[in-house]
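Let's walk through this model together, going from its overall layout to a few local details. Have the structure open beside you as you read.

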Amino acid sequence: MANRNQIARALIDRHGTTYAEEAGIRLRDAPSPLYQLLVLSTLLSARIGADIAVAAARELFRAGYRTPAAMRDASWQDRVDALGRGHYRRYDERTSTMLGQGAELVLERWKGDLRRLHAEAHGVDEVAKLLQLVPGIGPTGASIFCREVQGVWNDLAPYVDNRTAKGAEAIGLPSSPDELSRLAGDGDLPRLVAGCVRASLSKDVAEDVRG
């Protein structure tokens, strides 16, 4: 049986691609990539496969809707069409409406820059609470955003939600944020967290790294 360090490294190397990376987001502390992560978190919040949510995000970004202003200015039908190209059809109409409303809120409250949300909040709990003001972002979407953004908003780290903890336990890793952070090493916590999430969703991932 591999030890914890070996399991963590295998998980990072084999299954540690973040959802942001999958969606083509080059995540950094700048308005456009942070907004793109918010859009992705909205799409991942629905009861739909993560691969479809990622594909739909790619289509939205490919259409040019990478900022809240661009998302707001797109027609409702254009957003629906982009979601459809990503096969996000079950929730496309409602999601198109929420994306438009969310873009309006981000522009009005934070001037289109989620770094202002970060500055407004005091700690990860407040960040999550403010995120849930955005239409389509509930506790699940806020957790997704915080899991991935902790790599650039370092004061949020180490952030481990229930989904991550469940995956960690499934493969014999500790579920505490501090212990997972130590196993991840410098800069790799979002990747280890992403791997734990995948382990919570797929027995194949858990069996792969445990072996």
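**From domains to details**

The chain falls into domain 1 (4-20 + 159-210) and domain 2 (28-136), with bounds that come from an automatic or database domain assignment. Taken over C-alpha atoms, the centres of domain 1 and domain 2 are 26 Å apart. Please keep in mind that this is a predicted model, where local features need pLDDT of at least 70, side-chain atom pairs count only at pLDDT 80 or more, and totals for chains, interfaces and linings use all residues. Residues are numbered from 1 along each chain as its sequence is written, and side-chain values use heavy atoms, with hydrogens and water left out.

Now let's zoom in on one residue. Ser 200 sits in helix H13 (residues 189-201); helices here are DSSP runs of H or I with at least four residues, numbered from the N terminus. Ser 200 counts as buried because its relative accessibility is 15%, and buried means under 20% relative accessible area with a 1.4 Å probe, protein chains only. Beyond its neighbours within four places in sequence, Ser 200 is in contact with Arg 163, Lys 166 and Gly 167 (heavy atoms within 4.5 Å). With Arg 163 there is also a polar contact, side chain to side chain, at 3.4 Å; the term covers a pair of N or O atoms within 3.5 Å, where within protein one must be able to donate a hydrogen and the other to accept it, and residues adjacent in sequence count only if both atoms are side-chain atoms.

Notes: Helices (H or I, at least four residues) and strands (E, at least two) are DSSP runs, numbered from the N terminus. Buried means under 20% relative accessible area, exposed over 50%, partly exposed in between (1.4 Å probe, protein chains only).
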